[in-house]
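Subject: Structure handover and notes

Hello,

Here is the structure I said I would pass on.

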Amino acid sequence: MAKSEDIDLYSPLPPDAIARKLKAVMDDPMTTATARVYGSGSQYDMTLRYARRNVQNPMAPTLEAAMEPQGEGTRITGTLGLTRSGRLFPFVWHGFLSLFVIVGVTVASSVPEALLFGVIFAGIPLLMMVIGALAFRAGGAKDDEDRREIIRFLSRELDARPAA
């Protein structure tokens, strides 16, 4: 899982123009696109994510940014990375399943007649933890590409550049 990075961009467009442009882009269904940036926003903030068709990844990097007028344009500041829930979920997942592993091991070691029960009670959550770890790793395999696509989108659609 990649860390969140701070984003500080400047667009020559005013905030209300950015909001209208984002709405127009998001309203376009882009039925032929295999992947696209989507999200929501107003003249004060925006939330964007890069999504692939027929692939659900709630752990994908997300841009959460605030917009404020600066001169003739807009300063866009925020973070690009996993959301708070995306960062916490793997810990909650493994923590919850660890409880079952602990109970299973405790039962298997303290009650001789319940060895099979304890092994199964601990083994299935242990397997789920391994599968979860593999799924989290596979879901993050394209994080860098997703981040680049979000930045390209901002550059292309809003003419956003790093703030000076």
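The model is predicted, so to speak of a local feature pLDDT must be at least 70 and a side-chain atom pair counts only at pLDDT 80 or more, while totals for chains, interfaces and linings use all residues. Residues are numbered from 1 along each chain as its sequence is written, and side-chain values use heavy atoms, with hydrogens and water left out.

Sheet

Helices (H or I, at least four residues) and strands (E, at least two) are DSSP runs, numbered from the N terminus. Two strands are taken as paired if DSSP finds at least two bridges between them. On that basis there is an open sheet of six strands in the order E2-E3-E4-E5-E1-E6, and the pairing is antiparallel. Strand E2 (35–41) and strand E6 (161–162) are the edge strands, each pairing on one side only.

- E2 and E3 are antiparallel and share seven bridges. Ala35 has Arg52 in E3 as its bridge partner. The two strands form a hairpin with three residues between them.
- E3 and E4 run antiparallel and are joined by five bridges. Asp45 is opposite Ala66 in E4.
- E4 and E5 run antiparallel, with nine bridges joining them. Pro69 has Thr74 in E5 as its bridge partner. E4 and E5 also form a hairpin, with two residues between them, and Gly71 in the turn has a positive phi of about 60°.
- E1 and E5 run antiparallel and are joined by seven bridges. Leu9 has Ile76 in E5 as a bridge partner.
- Strand E1 (residues 5–11) pairs with E6 in the antiparallel sense over two bridges. Here Leu9 is partnered with Pro162 in E6, and Tyr10 with Arg161 in E6.

Helices on the sheet

Contact means heavy atoms within 4.5 Å. Axes are lines fitted to C-alpha atoms, for helices over the stretch in contact, and angles run from 0 to 180 degrees between N-to-C directions. H4 lies across E1, E2, E3, E4, E5 and E6 and runs at about 125° to E3.

Helix pairs

Two packed helices are described by the angle between their axes and the distance between the axes. Angles under 35 degrees count as roughly parallel, over 145 as roughly antiparallel, 65 to 115 as roughly perpendicular and the rest as oblique.

Helix H1 (residues 15–27) packs against helix H4 (residues 143–158) at an angle of about 115°, with the axes 11 Å apart. H1 is therefore roughly perpendicular to H4. The crossing of H1 and H4 is right-handed; a crossing is left-handed if the near helix is turned anticlockwise from the far one by less than a right angle, and right-handed if clockwise. From H1, the residues Ile18, Lys21, Leu22, Val25 and Met26 meet Phe153, Glu157 and Leu158 of H4. By class, the residues of this contact are six nonpolar, no polar and two charged, where Ala, Val, Leu, Ile, Met, Phe, Trp, Tyr, Cys and Pro count as nonpolar, Asp, Glu, Lys and Arg as charged, and the others, Gly among them, as polar.

For H2 and helix H3 (residues 115–139), the axes come within 7 Å and cross at roughly 160°. H2 and H3 are therefore roughly antiparallel to each other. H2 passes H3 in a left-handed crossing. The contact of H2 with H3 has 21 nonpolar, five polar and no charged residues.

Aromatic rings

Rings of Phe, Tyr and Trp (its six-membered ring) pair if their centres lie within 6.5 Å; planes under 30 degrees apart count as stacked, over 60 as edge-to-face and the rest as tilted. By this rule there are five aromatic pairs. One involves Phe89 and Trp93, whose ring centres are 6.0 Å apart with planes at 40°, so the pair is tilted. Phe89 and Trp93 are four residues apart in helix H2 (residues 84–110), and so are separated by about one helical turn.

Regards
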